[in-house]
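Biologist: Let us go through this one together. Please show me the structure first.

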Amino acid sequence: MIQFSIRRVLSAIPVVFGVLLVTFFLVRAIPGDPCTAILGERATPEICERFFAEKGLDKPIPIQFGIYLKDLAQGDFGESIRFKRPITTILIERLPLTVELGLLAVTFAIIIGIPLGIISALKRNSATDVVTMVIANIGVSMPVFWLGLMLAYVFALLLKDTPLQLPPTGRLSAGVIPIPFYEVYGWEVPASGIKYLVLTFISNMYIVNGILGFDWSTAWDAVRHMILPAIALGTISMAIIARMTRSAMLEVLGQDYIRTAKAKGLRHRKVVLKHAWRNALLPVVTIIGLQLGLILSGAVLTETVFGLAGVGRTMFEAITARDFPIIQGFVIVIAIGFVMLNLLVDLSYGFLDPRVRLD
Amino acid sequence: MSSVTELPVDTIDDPLEGTIGNFKSNSLWRLTLRRFFRQKSAIIGGVILIILVFGAVFADFVAPYSPTEDFIGEPNTSRRDPPCIHLLGCPEEKPQHIMGLDGNARDVFSRIIYGARISLTVGFVVVGFAIITGTVLGSVAGYSGGWLGNIIMRILDVVLAFPFLILAIAIVSVLGPGLTNAMLAIAIVSIPAYARVVRSSVLYVREQSYVEASRALGASHRQILMGRILPNSLPPLIVIGTLGIATAILDTAALSFIGLGAQPPQPEWGSMLASERNQVFSAPHLVFFPGLAIMLTVLAFNLLGDGLRDALDPRLAQAGFDPE
């Protein structure tokens with residue numbers, strides 16, 4: 001398994017390099033330039049000439065790429081042209097929100113989708129099956145931005161002043177300030193370095209931070225703000241997972257060993273939970289892995305609808321503002337993240353099915 | 001029972017006909033169609049699609065107004081008026097607009113009908129472009145293999161490593177916002193999916209005995225590819241193409257929603273949603289109806305695609321399965 005993992009990581013390096021190459025040249029092909037995009041009317045030729053020289057953008061693009069690779073090898077992702085702050089700092093501010101949102105969305109998709117798929121398979125061709133598949137088909141067909149707006153309308157307006165009211169925008173209610181959990185523990189955190197990056201990243205996941213710091217009210221407030229975005233983002237994945245689970249369960253339930261188990265007198269519940277369910281998991285896990293990638297695409301739209309400053313929205317704004325370092329830095333992190341996630345999914349096959357040899 | 005030797009020569013079948021990968025044109029397609037029409041969900045998808053196509057083609061007759069005609073200054077009308085249906089109690093003196101008026105006092109129902117033209121065009125053009133390009137790349141990668149196949153697949157892997165929408169946004173930013181560029185961007189990011197399907201199909205089919213037989217008979221690479229391999233790659237392409245139309249419509253609407261796709265005053269559904277999204281609390285009908293139109297269109301293609309996939313299931317075809 002270790003050899004397999006190393007091979008997979010090594011084979012992903014050319015892909016990540018290719019992603020970086022394409023991104024580097026693609027963003028520089030966007031019409032306009034960062035100086036005009038950021039300074040607007042103040043962008044005179046003299047100011048822009050100085051601007052490009054300061055940022056190293058006056059050099060030929062291949063030279064810029066070489067310099068960027070050299071800095072990257074030293075862990076330097078560069079500085080945002082717009083915010084004049086290190087990319088790593090912006091990343092650890094924005095990425096935690098998207099990670100938290102993505103995890104909640106996938107959790108929602110799995111918790112609802114898998115049981116729906118199993119029930120649908122067990123009650124094949126019944127009214128339950130038909131209703132479940134209708135819901136799944138509708139879920140797969142809904143635009144995520146439309147669903148987000150409709151959820152906001154229902155839960156923020158129609159259910160206003162009821163216990164089911166949920167906030168339609170933002171991460172926390174006005175006046176709620178999360179205290180980093182490490183301050184609650186009294187830890188001393190340096191101003192830079194790996195420890196700072198990791199702890200700040202975790203503390204910017206407000207739900208996790210609230211739980212770790214025993215600040216239940218802030219954690220709950222953060223959860224309330226994330227429910228609608230997570231449902232909007234996770235619905236398509238939920239529908240896909242429900243359909244795949246149903247299909248996989250039906251295939252497994254038709255196998256000879258299931259018939260044997262029933263013939264031996266095993267209770268139906270045990271047949272399903274002990275024998276059928278685990279064998280149906282493999283294709284479902286593959287689909288869940290694929291959904292993680294789609295979630296990031298959907299995050300752009302969800303973050304826009306709900307006013308969340310996550311990775312998706314930041315990248316979209318960076319493209320508009322021609323802020324090359326943000327685009328490059330974020331894309332690298334996302335590409336590496338995809339590789340790691342796909343590896344985890346592949347490794348899980350060996351755990352779920354011992355017959356699978358990860359050669 | 002007659003012996004085989006008594007059979008006249010002209011009744012002996014072509015040895016390559018009727019084999020698993022070689023659809024005997026009449027009977028297997030008829031079987032496929034029969035299986036397709038047995039699925040209620042596929043029929044529902046087909047009916048929705050027929051209504052949509054009818055509305056799109058005959059929009060000039062179906063839509064009560066032009067998509068750009070506004071009612072500013074008309075008596076008893078104002079911007080963002082809610083739906084008014086006289087049959088459901090809306091006062092007669094108020095002009096009937098069954099889905100209300102938008103922020104520019106244009107009839108929403110008419111804009112949605114005309115928007116169907118845009119969405120259907122988007123779906124077919126995007127998928128058509130992506131399938132043709134993907135088929136060429138996938139065929140070359142699968143048939144020739146070697147270093148060329150590897151390079152093609154690595155380039156496609158790089159494209160696939162990007163989050164779909166982010167790459168589409170970047171491409172549109174390079175080309176400039178607009179519906180045509182949005183369609184091109186979505187088509188480009190969709191190519192790898194089709195190329196992979198065609199490549200898998202080609203890899204499987206090229207090892208079949210009938211392809212080997214064709215090679216032995218002296219057929220050229222082009223003849224084998226066009227005559228044997230690609231036709232047998234059609235079934236999965238038809239399925240993912242149909243499902244791909246749904247995705248193309250959704251993604252183009254998404255690009256329009258963030259301002260990079262269709263530009264006003266085009267009645268594209270995503271762009272209609274985008275321009276009124278801040279009114280969701282005061283005029284929810286302006287968000288509800290365009291989104292519902294997108295959902296129903298995408299649902300129709302998804303149901304159709306699912307139906308085609310089940311009808312074209314190769315395991316059923318190989319087993320000669322006849323539901324009757």
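Biologist: How many helices and strands does chain B have?

Modeller: This is a predicted model: local features need pLDDT of at least 70, side-chain atom pairs count only at pLDDT 80 or more, and totals for chains, interfaces and linings use all residues. Residues are numbered from 1 along each chain as its sequence is written, with chains lettered from A and ligands numbered from 1 in the order written. Helices (H or I, at least four residues) and strands (E, at least two) are DSSP runs, numbered from the N terminus. Chain B has 13 helices and 0 strands.

Biologist: What percentage of the residues in chain B is buried?

Modeller: Buried means 20 or more other C-beta atoms within 10 Å of a residue's own, with C-beta atoms placed from the backbone. Chain B has 324 residues, and the buried part is 44%.

Biologist: Which element gives the largest share of the side of chain A that touches chain B?

Modeller: Contact means C-beta atoms, placed from the backbone, within 7 Å. By that test, 35 residues of chain A meet 34 residues of chain B. Helices giving two or more residues on the chain A side include H13 (268–306) and H15 (324–352). The largest share, 8 residues, comes from H1(A).

Biologist: At what angle do the axes of H5 and H6 of chain A cross?

Modeller: Axes are lines fitted to C-alpha atoms, for helices over the stretch in contact, and angles run from 0 to 180 degrees between N-to-C directions. The axes of H5 (residues 87–122) and H6 (residues 127–141) of chain A come within 8 Å. They cross at roughly 145 degrees.

Definitions and conventions
Two residues are in contact if their C-beta atoms, placed from the backbone, lie within 7 Å. A residue is buried if 20 or more other C-beta atoms lie within 10 Å of its own, exposed if 12 or fewer, and partly exposed in between; C-beta atoms are placed from the backbone.
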